[in-house]
Amino acid sequence: MTLEQLYKEYKNLVFNLALSYTQNVEDAEEITQDVFLSVYDNLNNFKQEAEVKTWIYRIAINKSLDCLKARHRKKRWGIFNAMRLDDDDTQLHLPNFNHPGILMENQEALQRIFSGINQLPENQKTAIVLLKIEEMSNKEAAPIMKLTPKALESLFYRAKQNLQKILSQSEGL
Amino acid sequence: MKNTSSNIEMDHILNQLKNIRKVDAPDYLYTQVIARIKATKKRRIPLAWTSVAAILFIGLLITEIKIIKNWSHNNRTEVLEELVPSANNFLYK
């Protein structure tokens, strides 16, 4: 398969997945470019051990998580932001929230949920993105995360519990 | 009981994520991907250049080692000549 064919087939998948992680169009565009650059670089090394879709999903997840880490580092080291870091971490407010797939009437509720999801550990975040936003079954999502369906089920359960704690804490503020 | 109801509530909250619509990736992204691939290719040094540089470096290293070896050998001989007096009758002249 050529890069162009792969791009045509998976561009929307990658772009929407990146949006689910970053909730920001510019970041999602950057991630989509990075993913296909990585696909191009590794096209010859790709062994058909995994499905192409699974492989692209994994690259997209890793690039999205890298982007979030970079964003977090930037925020952490910003001299002026440093003073209000604690506030930003507990408040459920996303300054860069710009998701074109969210309707105006759902914006506030979903922004609140995403703020909670963003505070979860990486693997729990990925479990929620794949199972709830991508609407995959445990069987489909497990190989992407290199887990067994059973392990993914318990990871998702922990993610739900943690998210509940985060959201209830925010309501208590 | 409380656990079950909160679990249902959480499921309800997470089900709101299904309201997110899928959007199309902008068309210009592919052009940008291709531009980035070309830019990366330009930046990459060809293998031949790297090989030539590596051979030159190794050659230089070997020459340097040889020079140092020669120099230290000559130096050692000079030091020995200074330490061991030469067998001549210079003092008695």
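How many residues of chain A are in contact with how many residues of chain B? The legends below start with that meeting place in this predicted model and then visit other spots.

**View 1. Where chain A and chain B meet.** Here 39 residues of chain A are in contact with 30 residues of chain B. Between them the two chains bury about 3,300 Å², and 60% of that area is on carbon and sulfur atoms. On the side of chain A that touches chain B, the elements giving two or more residues are helix H1 (3–22), helix H2 (25–42), helix H6 (104–117), helix H7 (122–133) and helix H9 (149–172) of chain A. Of these, H2(A) gives the most, with nine residues.

View 2. B:Arg36 is partly exposed at 25% relative accessibility, and A:Asp34 is partly exposed at 22%. B:Arg36 also meets A:Glu30 in a salt bridge (3.9 Å, N to O).

**View 3. Two salt bridges within helices of chain A.** Over all chains, the count of salt bridges comes to eight. One of them links the side chains of A:Glu4 and A:Lys8 (3.7 Å, N to O). Both residues lie in helix H1 of chain A, four residues apart, about one turn of the helix. A:Glu4 is partly exposed at 39% relative accessibility, while A:Lys8 is exposed at 61%. Another salt bridge joins A:Lys69 to A:Asp66, with the closest N and O atoms 3.9 Å apart. This pair sits in helix H3 (residues 52–77) of chain A, three residues apart, again about one turn of the helix. A:Lys69 has a relative accessible area of 39% and is partly exposed; A:Asp66 is partly exposed too, with 41%.

**View 4. A threonine buried in chain A.** Look in helix H7 of chain A for A:Thr126. At 4% relative accessibility, A:Thr126 counts as buried. Leaving aside neighbours within four places in sequence, its contacts are A:Tyr21, A:Ile61, A:Leu65 and A:Met145.

**View 5. Two loop residues with positive phi.** Most residues other than glycine have a negative phi. A:Gln23 has a positive phi near 50° and lies in the loop between H1 and H2 of chain A. A:Glu135, with a positive phi of about 55°, is in the loop between H7 and helix H8 (138–144) of chain A. Are these residues buried or exposed? A:Gln23 is buried, at 1% relative accessibility, whereas A:Glu135 is partly exposed, with 48%.

**View 6. A nonpolar patch on chain B.** Chain B has three helices and zero strands, and 13% of its 93 residues count as buried. On its surface, B:Phe57, B:Ile58, B:Leu61, B:Ile62 and B:Ile65 form a nonpolar patch, with about 490 Å² of accessible area together. One of them, B:Ile62, is found in helix H3 (residues 47–83) of chain B and is partly exposed, with a relative accessible area of 46%.

Technical notes. Residues numbered from 1 in each chain as written. Chains lettered and ligands numbered in written order. Predicted model: local features only at pLDDT ≥ 70, side-chain atom pairs only at ≥ 80, totals over all residues. Heavy atoms only, no water. Patch = residues over 30% accessible without salt bridge, like charges linked within 9 Å, V, L, I, M, F, W, Y side chains within 5 Å. Areas by Shrake-Rupley, 256 points an atom, 1.4 Å probe, with all protein chains shown as cover. Salt bridge = Lys/Arg side-chain N within 4 Å of Asp/Glu carboxyl O. Buried < 20%, exposed > 50% of the residue type's maximum accessible area, 1.4 Å probe, protein only. Contact = heavy atoms within 4.5 Å. Buried area = accessible area lost by both parts, 1.4 Å probe.
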